[in-house]
Amino acid sequence: MAYRYRRKIDPDSESDAFKYASRLFKYRMRSEAEMKKRLLERGFSEECVQRVIEKLKEKGFVDDEKFSYLFAYDELTLRNHGPRIIKSKLKALGVNEEIIEKSLKRVLEEVDLEDIIKKLLKKVSENPREYLFRKGFDPGILNEIDYGGE
C-alpha cells in the first residue's frame with residue numbers, strides 16, 4: 001500500500017493554515033465552525049486557527065450567512081431536500097440557528113416550492129405524504145398544493 005508523504009506542519013504557521021483553508025474552498029464553501037474544526041484536526045494551534053478565521057472573514061471567504069443561504073438554495077433546488085433536512089444539515093455544519101432560519105426564509109421566498117413538490121411527486125408511486133416527509137417537507141403541505149393526486 002502506497003502512503004502519501006505529508007510534510008510536517010508548523011502549528012503556528014498562518015500561511016500554511018491559510019493555504020490549507022484555500023484548498024478546502026476549492027471543493028465547496030465552508031461554515032466558520034466547519035473550517036475551524038478542519039484546521040484544528042490538521043494540527044494547527046487554536047491561536048493560529050483563530051487568526052486565520054479572522055483573515056478569512058475579512059476577505060469574505062468565511063461568511064455563515066452567505067454559506068447558509070447558498071447551501072439551503074442548492075439543497076432545495078438541486079437535491080430536492082425540504083426545509084427540515086436542510087435545517088438539520090446546517091446545524092450539523094455548525095451554523096447558528098438564527099442564521100439558518102433567516103436563510104431558509106429567504107430561500108423559500110425566492111423558490112417556487114409548489115413546482116419542486118410537483119416535480120418530486122411525478123416520480124412517486126408510494127404515499128405522497130410519507131415521501132415528502134422523508135425528503136424533509138411538512139406532510140401537511142399537500143393540503144396547500146393542487147398536485148393532481150389523492
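This is a predicted model: local features need pLDDT of at least 70, side-chain atom pairs count only at pLDDT 80 or more; totals for chains, interfaces and linings use all residues.

Colleague: What angle do α5 and α6 pack at, and how far apart are their axes?

Modeller: The general idea is that two packed helices are described by the angle between their axes and the distance between the axes. Here, helix α5 (residues 83-92) and helix α6 (residues 97-110) pack at about 145°, and their axes are 10 Å apart. From α5, the contact takes in Pro83, Ile86, Lys87, Leu90 and Lys91. On the α6 side you'll find Glu97, Ile100, Glu101, Leu104 and Leu108. Sorted by class, the residues of this α5 and α6 contact are six nonpolar, no polar and four charged.

Colleague: Now for α4 and α6: at what angle do their axes cross?

Modeller: Roughly 45°, with the axes of helix α4 (residues 64-77) and α6 coming within 9 Å. An angle like that makes α4 oblique to α6. The crossing of α4 past α6 is right-handed.

Colleague: Which residues of α4 and α6 make the contact?

Modeller: α4 brings Asp64, Glu65, Ser68, Tyr69, Ala72, Tyr73 and Leu76. α6 answers with Ile99, Ile100, Lys102, Ser103, Leu104, Arg106, Val107, Leu108 and Glu110. By class, that contact of α4 with α6 has nine nonpolar, two polar and five charged residues.

Colleague: And how do α1 and α3 cross, right-handed or left-handed?

Modeller: Right-handed, as α1 passes α3. The axes of helix α1 (residues 14-25) and helix α3 (residues 46-58) come within 10 Å and cross at roughly 55°. That makes α1 oblique to α3. Glu14, Ala17, Phe18, Ala21 and Phe25 in α1 are the ones that meet Cys48, Arg51, Val52, Lys55 and Leu56 in α3. The α1 and α3 contact residues split into seven nonpolar, no polar and three charged.

Colleague: Which residues line the second largest pocket?

Modeller: Look for Arg28, Met29, Phe67, Leu70, Phe71, Asp74, Glu75, Leu78 and Arg79 around the second largest pocket. In class terms, the lining of this pocket has five nonpolar, no polar and four charged residues.

Key:
Residues are numbered from 1 along each chain as its sequence is written. Side-chain values use heavy atoms; hydrogens and water are left out. On a 1 Å grid over the protein atoms alone, a cavity is a set of points where a 1.4 Å probe fits but cannot get out, and a pocket is an open set with protein on both sides within 12 Å along at least five of seven lines; lining residues have an atom within 4 Å of a point. Ala, Val, Leu, Ile, Met, Phe, Trp, Tyr, Cys and Pro count as nonpolar, Asp, Glu, Lys and Arg as charged, and the others, Gly among them, as polar. Axes are lines fitted to C-alpha atoms, for helices over the stretch in contact, and angles run from 0 to 180 degrees between N-to-C directions. Helices (H or I, at least four residues) and strands (E, at least two) are DSSP runs, numbered from the N terminus. Angles under 35 degrees count as roughly parallel, over 145 as roughly antiparallel, 65 to 115 as roughly perpendicular and the rest as oblique. A crossing is left-handed if the near helix is turned anticlockwise from the far one by less than a right angle, and right-handed if clockwise. Contact means heavy atoms within 4.5 Å.
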